[in-house]
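Please consult the sequence and the model shown here while reading.

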2 protein chains.
Amino acid sequence: MTVIEQTETAAFADLKKLFEPRSVAVIGASADGKKISGRPIRFLERAGFTGSVHPVNPKYETIMGLPCRPSVTAIPEPVDLALIFVPGPAVPAAVDDCVAAGVPLAIVFSAGFGETGGAGRAHQEELVARARAGRMRLIGPNSLGAVSARNGLVASFATLFDRDQLPPPGRVGLVSQSGALGAYMYALAQDQGVGFSRFVATGNTADLDLPDVIAYLADDDETDAIGVYLEGLTDGGRLLEALGRAQTAGKPTAILKVGRSEAGQRAAESHTGALAGSDAVFDAALRRSGAVRVPDPQALIDFLLLNTGDQPPMTGGLAVLSASGGAAVWTADRFADFGLELAQLTPDTEARLAEALPAFASPRNPVDATAQMLNDASLFDTCLDAILADPGVGTLVVLSGLQERDGERYAQQIVERARHAAGKRVAVAWLAAPDSVTTLLGRERIPMFGDLARCVNAVAASLIADQRRRAARPAAQAPLLDANKELGSLETEHSAKQFLAHLGLEVPHGTLCDTRDETVAAASALGNRVVLKGQVAGLAHKSDHGLVRVGLEGADEVGAGFDSMRVAMGAAATPGNVRGVLVEELLPEGLDLVVGCVRDPAFGPVTMIGLGGTLVELLHEVEFLVGEVDAEEAYARLGAVRWAALFDGFRGGPAYDRRAAAEAVALLSRLATQQANRISEIEINPLRVLADGRVVALDALVVPASPAVVPSGHEET
Amino acid sequence: MTVIEQTETAAFADLKKLFEPRSVAVIGASADGKKISGRPIRFLERAGFTGSVHPVNPKYETIMGLPCRPSVTAIPEPVDLALIFVPGPAVPAAVDDCVAAGVPLAIVFSAGFGETGGAGRAHQEELVARARAGRMRLIGPNSLGAVSARNGLVASFATLFDRDQLPPPGRVGLVSQSGALGAYMYALAQDQGVGFSRFVATGNTADLDLPDVIAYLADDDETDAIGVYLEGLTDGGRLLEALGRAQTAGKPTAILKVGRSEAGQRAAESHTGALAGSDAVFDAALRRSGAVRVPDPQALIDFLLLNTGDQPPMTGGLAVLSASGGAAVWTADRFADFGLELAQLTPDTEARLAEALPAFASPRNPVDATAQMLNDASLFDTCLDAILADPGVGTLVVLSGLQERDGERYAQQIVERARHAAGKRVAVAWLAAPDSVTTLLGRERIPMFGDLARCVNAVAASLIADQRRRAARPAAQAPLLDANKELGSLETEHSAKQFLAHLGLEVPHGTLCDTRDETVAAASALGNRVVLKGQVAGLAHKSDHGLVRVGLEGADEVGAGFDSMRVAMGAAATPGNVRGVLVEELLPEGLDLVVGCVRDPAFGPVTMIGLGGTLVELLHEVEFLVGEVDAEEAYARLGAVRWAALFDGFRGGPAYDRRAAAEAVALLSRLATQQANRISEIEINPLRVLADGRVVALDALVVPASPAVVPSGHEET
C-alpha cells in the first residue's frame with residue numbers, strides 16, 4: 001500500500017441519499033416550471049422519480065399539484081435530500097431549516113459564493129461550518145445538481161432535461177466540476193448512445209468534492225465506467241485514493257482536466273475557487289491511478305463509449321485493417337504518438353493475409369488491404385478472421401469509408417467476426433458511412449466513429465487505461481525510519497549526508513575537520529586528490545561563498561585550501577554557525593542527476609528527477625514521481641525520459657547503471673513521502689552515477705518541515 | 001525572390017483539358033455500369049457532363065447507349081482526355097493508341113505499377129517515357145481519377161458518386177495522393193456542406209504530380225481554397241513553388257501529410273513509391289509556403305469549411321465568448337498549444353462586459369458569460385456586440401450548448417451580429433445543438449461545430465495560415481559569389497575558413513605555418529594563448545587524431561605543441577596531404593551553436609541550427625531553415641528554439657547578440673542555397689557567439705558537391 005492509501009482523513013461520504021432519496025425537498029420552489037427553481041419539480045415528474053417531492057415556499061399552497069410547505073420542518077416525513085434554490089443571502093437560513101428538520105444532504109444551486117472571490121468565499125466557508133455543525137453535507141454551492149437515471153432522480157435545472165427525448169439510463173457515471181460543460185457532455189453522450197447511471201455537477205465543492213463522488217461510483221453497482229471533468233483540485237491524495245478504488249473495482253476511468261496555459265489558469269481562477277496545480281505533476285499522479293487523461297469533451301465521451309456495456313475490456317495487441325493505405329499510415333503514426341506500438345502479426349497470419357491480398361497490398365500490421373477489401377466480401381472476411389485469430393491481437397481497428405451500396409454487408413461481417421473473437425474487441429472508423437452501417441454497428445454495439453482521429457484517440461485512451469489498471473500497484477514498503485525516532489541535526493551538508501548514508505544512500509568518503517592538521521591528515525588518509533567543503537549551519541549554495549574547493553592534492557595544497565576556506569567561512573557565517581571543513585574523496589566523472597523532493601500543494605510529496613547542468617533546466621526536461629515509488633517504477637521513469645540514452649552510453653561514453661540510479665531515487669521518494677510531516681524538502685545535486693555502478697550523493701540538502709505548514713491528509717499518520 | 005522561385009525546371013502543366021475536356025475516351029470500358037470501368041460512363045451521365053463521352057472496347061458496338069469504338073484512333077473527333085482502365089500489361093498499348101490519336105492527357109486508373117515496387121516501378125518508368133515521347137501527360141497510374149463538379153466531369157470510379165445525393169459543386173479544390181482517403185474526405189466534406197470545384201487523386205504521380213494540380217488550382221477561377229493530402233514527395237521545391245502561387249493568389253491552403261513514425265513510414269513505402277522525407281524539414285518548409293499543416297482528415301475538411309465561400313479571411317485578434325467557464329478555460333489552453341494568444345480586450349470593452357455580466361462572470365478574454373448568457377437574450381447581444389466592436393478583435397469563437405427551446409433565437413443573434421461586424425469572422429462550437437440551430441447557422445454560413453476540439457483546431461489552422469499568407473516573403477538577395485568564379489580549394493579547415501572569411505563570416509585570427517619557428521613567431525604575434533590545429537587535406541574530426549591543442553602559451557609550449565602535432569599529422573595522413581599547422585588566437589567562452597547546411601532529398605539545401613554540445617543532439621533540439629533565408633527570418637527562428645533564453649543571459653550568464661548570430665546563419669544558408677550545385681555540405685561547429693557581439697566560426701568544413709549527385713530542380717541555374 002502506498003502512503004496515499006494509508007491516510008486516515010480520506011474517508012468518503014456515503015452518497016446513497018444523494019442518488020436514491022426517498023423524499024426530496026425543493027426549497028425556494030417556483031410555481032413556473034420554466035423557471036430555474038421550478039424546473040426540478042417538472043423534471044422529477046417527467047423522469048418518473050420514484051420518491052416523493054416536497055416544494056418549499058411560504059408564498060404558495062401548492063405547486064404543480066403538489067402541496068407546498070412554508071418550511072422544511074413542516075414536511076410531514078423525513079427528507080433525504082434538499083435542493084436549495086433560494087437567493088445567496090437566504091441560503092444560510094435554508095440550511096438552518098434543513099438542519100432543524102434533520103436533512104442529511106443538500107444540493108445548493110444558489111450562486112454568489114466562492115466563485116465570486118473575497119466575501120463570497122467567506123460566506124461559503126460559513127455555510128459549510130453551519131451545515132457541518134448540523135451534521136448535514138453539501139453539494140455546491142453553484143451546483144447544477146445531480147441525476148440518478150434509473151430511479152428518475154433529476155435534481156437539476158439543466159435544460160438538458162427539456163430535450164425531446166429524456167436521456168435514457170445507462171451504466172456510466174459522470175462527475176463534473178462545471179455545470180454547463182457537464183450538461184453538454186451528458187447531452188452529447190446521449191446523442192451518441194452513451195447513457196448515464198449517475199451524474200453530479202459539483203459546483204464550488206465547498207464540502208463534498210469530486211473524490212467523494214468518484215469513490216461512490218467505484219462501489220456503485222449501477223456504474224461500469226467513470227468520466228470526470230476537473231478544473232482544479234486542492235487535495236490530490238483524496239482524488240488518487242478515489243481513483244484507486246475505481247481501479248480496484250475494474251472500472252475504466254477517464255479524466256478531462258483543464259487549466260494548463262497561463263490564460264487558462266486565469267480563467268480557471270475566476271471560475272472556481274481552486275487553483276490549478278502543476279500540470280506535469282497531475283499527469284505523473286494520474287499515471288499511478290489507473291485513470292487516463294483525455295484531451296477534450298468529445299474524447300471523454302468516446303472513451304466512455306468504448307468502455308461501457310458488457311464488452312470485455314479493450315486490451316493491447318493492437319492491429320489495424322484498412323481499406324486505405326493512407327489511413328493505415330496515418331493511424332500507425334497517431335498510435336505511435338501515444339507510445340502505442342502495433343502488434344507484430346505472426347508469420348502464419350501474415351502468410352494468410354499475403355495469400356489473400358493483392359500484390360500491392362501490405363500484409364503487415366497496419367494491414368493495408370487496399371480498396372479491394374471493400375470490393376470483395378470474401379477477402380474482407382479472410383482479413384478479419386486472420387487478424388482476429390492472431391494470438392497476439394487483442395484489439396482490431398478497422399478503417400473504411402463510403403460503400404453506399406454494400407456497406408451493410410461489410411458491417412455485418414465485422415459484427416459476426418467480432419462475435420466469434422472471444423475476449424477481443426473491434427473498433428471501427430468508417431468515414432462518410434451510409435446510415436445503414438451506423439445503425440447496424442450501433443445496434444450490435446461495435447463502437448464506430450465517423451472521424452479517424454476520434455477513433456484512434458478513444459482506442460489509445462482505452463488501451464492506456466487498461467495498461468494502467470493492470471499495472472501492479474507497488475507493494476507495501478517498510479518504513480525507512482521509526483516515526484518516533486529523532487531525525488537528528490540536518491543543518492549542514494555533512495549532517496544531511498550522514499543522515500542519508502545511515503538510510504543506505506551512498507555518499508563520498510569523508511571526514512569533518514576542525515583544524516588544519518586534522519584536514520591534512522584526513523586528506524592523506526583518503527589518498528590522492530580531495531574536495532574541501534566548508535560546513536556552515538543553514539547555509540545552502542556553498543559555491544557562491546567560496547566554500548567548495550575541488551581537486552586539491554598533497555599537504556601543501558590541502559593546507560592552503562583549509563586556510564582560505566577558514567577565511568571564507570568567517571565571511572559567510574557568524575562564528576556560532578561554523579561546523580568545520582568536510583574533506584571528501586574526489587570522485588571520477590559520471591552521469592550527474594539532480595533529484596529533488598518537494599511538496600506539491602495538491603499531491604503532497606513529489607520527487608523530481610532532472611539531468612545535471614543548466615541546460616536541462618532550461619529545456620524543462622524533468623520527470624515527476626508522485627508519492628512513494630519503488631525502484632521498479634523509478635527504473636521505468638528513468639527509461640522514459642528523453643535523455644534515457646545516456647544510461648546506455650551515448651556517443652561512445654560509458655554506460656551507467658539505470659537500476660542503481662533508480663534505487664537511489666526510490667529511496668529518496670520513500671523518505672520524503674514517509675517523513676512528509678518532518679521533512680519538507682530534499683535536494684541531491686548532483687546524484688552522481690559512476691561508470692563502476694556506484695551511485696553517490698555528492699551534495700545533499702535536507703530541510704526539516706516547520707510543523708505549522710504541514711497540510712493535513714498527505715503525511716503518514 | 002528566393003532561389004526556389006528562380007528554378008527554371010518548375011514549370012507546371014496546364015490542366016485545363018483535365019478538368020474541362022470537350023471529349024473523354026474511356027479505354028477498356030465495361031458495359032456494366034457497376035464495374036469499375038463502367039462506372040465513369042454512368043457517373044459522367046449522372047453528373048451531366050457537358051462534353052462528349054467515347055467508350056473504347058473492341059468487344060462492344062455500344063455501351064450504355066453510346067457508340068463504342070475499337071480504339072481511340074477510331075473516335076471521329078479529337079479526344080482531350082483519355083481514361084485508361086485496361087489491365088496493367090495492356091496499358092502501354094493503350095498509351096500508344098492515345099498518342100497515335102493525339103490525346104494530350106490521360107488518367108491511368110490501372111494498378112500494378114510503382115506501388116508494387118521492383119518490376120512495377122520499371123514498367124511505370126517505361127510508361128512515362130512512352131507517353132512523354134508522344135507528348136502526352138499522365139495522371140497515375142493507380143489513380144482514382146479527377147472531378148470537375150461544375151461541368152459534370154466525373155472521371156472516376158469512386159463509389160462516392162453512387163451516393164443518393166451527388167456531391168454539389170463548390171469552390172474548394174482537393175488533391176489527394178490516396179484515392180480511397182481522397183474519396184472519403186470528399187464525401188465527409190459533402191456531408192458537412194463543403195462542395196468541391198476540382199478533385200484529383202494523383203495515384204503514383206509517375207508524371208504529373210501534386211504541385212501541378214496545386215498550381216493549377218492557385219490560378220483557377222472556380223477555386224477559393226485548397227486542400228492537399230500528401231504521403232511523400234520527391235521534389236519539395238516544386239511543391240513550395242506551387243504553394244507559393246496559392247499564397248500569392250490569396251487562397252488558403254491546408255496540407256494533411258502522413259508518414260511520420262517508423263511504422264507509418266514502412267506503410268508509406270509499401271503504399272506509394274515516394275519515401276517520406278524528414279518531418280521536421282517538411283514543417284520548416286511549410287512554414288515558408290503560406291500553407292498550414294493539419295493533423296487529420298476531419299481537420300482538413302474543417303479548415304476548408306472555414307475558408308470557403310465569400311467570407312473575409314479569418315484573421316488574428318482572437319476572442320472567445322463562452323456560456324461555460326470550463327469550456328473557456330479549455331479553449332484558451334488549446335489555442336495556447338498552437339502558439340495563439342487571445343486578444344487583450346480594450347478597457348472600454350471590458351467595462352461594457354463587466355457592467356452587463358453577473359458578478360461571478362469574467363469580462364476578460366476568454367469571456368466567461370456563464371450559463372446566464374443563454375438565459376438572457378439581451379445579455380448575449382451585449383456580449384456579442386461589445387466583443388465584435390472591439391478594434392483588436394478579428395475573430396470571435398462562441399462556445400455554447402443545448403438550448404432545446406431558445407437555441408434558434410440565440411443563433412439568430414449570432415447571425416445578425418456577425419453580419420454587422422464587417423471584415424470580422426465568427427465561428428461557433430455548440431455542443432448537443434438542437435437541429436434548428438444547426439440548420440440556421442449552416443444556412444447563414446456561420447461555421448458551426450458540435451465538438452470543441454474540432455472548432456479550435458479549425459480556427460487555429462485558419463489563423464496560422466492567415467499569418468503565413470501575410471508574412472512578407474524575403475526580398476531578393478544578391479548572389480554572394482559569381483557563379484563562374486572558381487571556389488578555390490576547400491580541402492582543409494584553413495582553406496574553408498579563408499573562403500568563408502572572404503564572404504564575410506568572421507573566423508579567428510590565425511596563420512598557417514610549416515615550421516616550428518614560423519609557428520612560434522605566429523603565436524607570439526597573436527599574443528597570449530593560442531590554439532594549434534593540424535591541417536590535413538580531406539581530414540575531418542581533427543580532435544580524434546590529436547590534431548587540436550588548445551590554450552598553449554609561450555615559445556616553449558607552442559614549440560612543443562608543434563612537435564607533437566607534426567608526429568600526429570604524420571600518423572594521420574600521407575605526407576602529400578599535410579598542409580601545415582594553423583596557429584589561431586584562443587577566443588573567450590561564449591554561446592556555441594552548431595550550424596550545418598545539408599541537402600534534403602525533397603527540399604534541397606537545408607540549414608540546421610543546434611546548440612553546441614552533445615545534449616542537444618540527444619534531445620533532438622535542432623531547428624531547420626529550408627532554402628535561402630534572410631537575417632530577419634533566421635532571427636525569428638533563433639527566437640523560437642526552446643533554448644532561446646540563452647541569448648538573453650540565462651541564470652546570470654552574459655547576453656549574446658541574437659541578431660549577429662542570425663546574420664551568420666543567414667549568410668551560411670544563402671551560400672549553401674545559392675551554391676547548391678557546387679557545395680553539398682557546410683558545417684560550422686562551433687559557431688561561437690561572444691559576449692562582445694562577435695560571431696566567430698571556430699571550426700569549418702565545406703564539402704564541394706560531386707557533380708554527379710546534384711539533383712535537378714534545386715540549384716540555381
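How much area do chain B and chain A bury between them, and what percentage of it is on carbon and sulfur atoms? In this predicted model, the two chains bury about 6,700 Å² between them, and 62% of that area lies on carbon and sulfur atoms.

## Relation of the chains

The contact draws 85 residues from chain B and 85 residues from chain A. Of the interface residues of chain B, 100% are also interface residues in chain A, so the copies meet through the same surface.

## Polar and charged contacts at the interface

Six salt bridges are found across the interface of chain B and chain A. In one salt bridge, A:R405 is joined to B:D162, with the closest N and O atoms 3.2 Å apart. Between chain B and chain A there are twelve residue pairs in polar contact, counted where both residues have pLDDT 80 or more.

Several elements of chain B give two or more residues to the side that touches chain A, among them α3 (39–46), α6 (179–191), β17 (395–401) and α17 (452–470). The largest share of this side, ten residues, is supplied by α12(B). Sorted by class, the side of chain B that touches chain A comprises 40 nonpolar, 20 polar and 25 charged residues.

## A parallel sheet in chain B

In chain B, five strands form an open sheet with parallel pairing, in the order β16-β15-β17-β18-β19. The edges are taken by β16 (367–368) and β19 (448–449) of chain B; each has a single partner strand, so one side of each is left without a neighbour in the sheet.

Strand β15 (residues 318–322) of chain B runs parallel to β16(B) and is joined to it by two bridges. Here B:S322 stands opposite B:D368 in β16(B).

## A mixed sheet in chain A

Chain A has an open sheet of seven strands in the order β9-β8-β11-β10-β12-β13-β14, and its pairing is mixed. At its edges are β9 (153–156) and β14 (292–293) of chain A, each of which pairs on one side only.

Within chain A, strand β12 (residues 225–230) and strand β13 (residues 253–257) run parallel and are joined by five bridges. A:L230 lies opposite A:K257 in β13(A).

Key
Residues are numbered from 1 along each chain as its sequence is written. Chains are lettered from A and ligands numbered from 1 in the order in which they are written. This is a predicted model: local features need pLDDT of at least 70, side-chain atom pairs count only at pLDDT 80 or more; totals for chains, interfaces and linings use all residues. Side-chain values use heavy atoms; hydrogens and water are left out. Contact means heavy atoms within 4.5 Å. Buried area is the accessible area (1.4 Å probe) that two parts lose on being put together, summed over both. A salt bridge is a side-chain nitrogen of Lys or Arg within 4 Å of a carboxyl oxygen of Asp or Glu. A polar contact is a pair of N or O atoms within 3.5 Å; within protein, one must be able to donate a hydrogen and the other to accept it, and residues adjacent in sequence count only if both atoms are side-chain atoms. Helices (H or I, at least four residues) and strands (E, at least two) are DSSP runs, numbered from the N terminus. Ala, Val, Leu, Ile, Met, Phe, Trp, Tyr, Cys and Pro count as nonpolar, Asp, Glu, Lys and Arg as charged, and the others, Gly among them, as polar. Two strands pair if DSSP finds at least two bridges between them.
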